[in-house]
Amino acid sequence: MAARQNTTVPKWAPPATTKENLDYIDLVNIDLSKFDDPLSRKELAHEFFSAFTQDGFVTVSGHGISNEVWDAQMDLANATMTMDPAAKVPFEVTPEEDEQGIYVGFKAAGGLGFHKEIDFYNMLLNDPKADRKHPAHLIHHFAETQKVMLHIRDDIQRKFLVLLAMCLEIPEQEMLQTHRAGQSSSEYYRYMSYAPLTPEATLKARGLFMPAHADWGTFSILFSQPVCALQILHKSGVFKWVEYKPYTLVVNVGQALELMTGGVFPATIHRVVTPPPDQVNSLRVGIYYFSRPNDDYSLLPFKNSPVLKKLGKDKPLDPSVTYNTVQFLEAKKHGYLKPDLDFDRPRDPGVHSDPFREGDTFAPTEKLLASIAVKAAT
């Protein structure tokens with residue numbers, strides 16, 4: 001992927017990396033440069049299966065995004081997220097779009113589900129509005145941004161789905177048909193920022209920007225960030241930090257994939273906390289891509305997978321209900337499978353706020369899906 005000449009967007013200056021001695025998780029790296037060779041692809045599929053079924057998170061190198069393109073995207077992300085609040089208003093998601101599950105543009109100021117210090121700008125892969133307006137600096141570079149979005153969908157995601165098909169021993173095309181281009185209304189690319197919390201806000205939030213949760217899609221893809229804040233619930237029952245590794249992607253499994261594999265690929269519990277002391281006052285800017293199955297796809301285990309049958313994982317994880325992708329998103333939006341998993345930071349309702357669950361209509365649950373319950377209770 002060729003880089004652009006950045007003449008109008010200020011250069012992003014990444015914050016200094018932390019010097020704190022943090023308890024980092026040891027993640028397997030998936031090198032996608034090995035994908036094209038048939039022999040090394042088999043080895044890669046083995047690594048893929050082992051890493052995602054054990055840890056649920058990996059780092060990814062050999063992804064095809066050059067350092068120059070990566071830096072250019074970070075410049076754009078930073079410029080977008082540091083816009084004046086008043087300048088963001090015309091590009092906020094409308095209440096009508098939000099109600100319809102069309103998550104595009106800036107989040108509504110003061111909207112449910114997030115602390116006010118969190119902001120993001122979503123760009124849909126399949127935007128129903130052809131003449132969508134974007135901030136001026138982004139318009140000038142939107143074609144190159146779309147190239148990155150499509151590269152992630154059509155190259156990186158495709159390779160992940162092929163490796164997944166190999167792991168489950170099902171035909172490649174059967175897997176690829178679950179994520180057809182243009183068939184997901186909630187597949188998006190996101191610029192995001194976490195502004196520093198005041199001491200009072202930190203106390204009220206239990207030091208959590210985003211409480212422990214599992215993503216709801218297939219794969220969540222993150223550009224590795226220099227400000228440490230992401231933690232993963234390790235199988236030992238302890239939350240561990242994710243270390244910054246320049247120009248690598250960080251990828252995790254979501255609950256849609258867990259449902260599609262009967263729990264063999266479990267969604268990973270993770271959270272975003274206040275950074276370590278030497279980074280606590282830094283703005284954390286990031287780039288994300290959220291992979292989703294087709295809107296009308298029923299989230300059930302693959303019937304034709306001999307691997308799922310052999311493991312006894314070919315039955316629905318939640319026999320009481322079958323959602324398609326759109327229905328599952330709507331249920332998740334209103335509190336389905338959203339227990340409080342920050343057991344090491346107990347919530348006192350008289351002291352702590354919880355915007356993540358504000359407005360939920362589903363009754364609180366004690367667990368996520370059956371395959372994750374063991375992790376949460378360890």
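Methionine 210 has valine 272, a residue of strand 11, as its bridge partner. This is a predicted model, in which local features need pLDDT of at least 70 and side-chain atom pairs count only at pLDDT 80 or more, while totals for chains, interfaces and linings use all residues. Residues are numbered from 1 along each chain as its sequence is written, and side-chain values use heavy atoms, with hydrogens and water left out.

Strands of a sheet pair through backbone hydrogen bonds, in either a parallel or an antiparallel manner. Here, two strands pair if DSSP finds at least two bridges between them. Strands (E, at least two residues) and helices (H or I, at least four) are DSSP runs, numbered from the N terminus. Strand 6 and strand 11 (residues 270-273) run antiparallel and are joined by 3 bridges.

These two strands belong to an open sheet of 4 strands, ordered 6-11-8-9, with antiparallel pairing. Strand 6 (208-213) and strand 9 (239-241) each have a single partner strand, so one side of each is left without a neighbour in the sheet. On average, neighbouring strands of this sheet are turned by 25° against each other, direction ignored. Angles are taken between axes, which are lines fitted to C-alpha atoms, for helices over the stretch in contact; they run from 0 to 180 degrees between N-to-C directions.

Another open sheet has 8 strands in the order 1-2-10-7-12-5-4-3, and its pairing is mixed. At its edges stand strand 1 (29-31) and strand 3 (105-106), each with a single partner strand, so one side of each lacks a neighbour in the sheet. Within this sheet, strand 7 (residues 219-223) pairs with strand 12 (residues 284-290) in the antiparallel sense over 3 bridges; leucine 222 has tyrosine 288 of strand 12 as its bridge partner. Helix 2 (residues 67-81) packs on the sheet, and its direction makes about 60° with that of strand 5. Contact means heavy atoms within 4.5 Å, and the strands that helix 2 touches include strand 3 and strand 10. Helix 6 (residues 142-168) runs at about 130° to strand 7.
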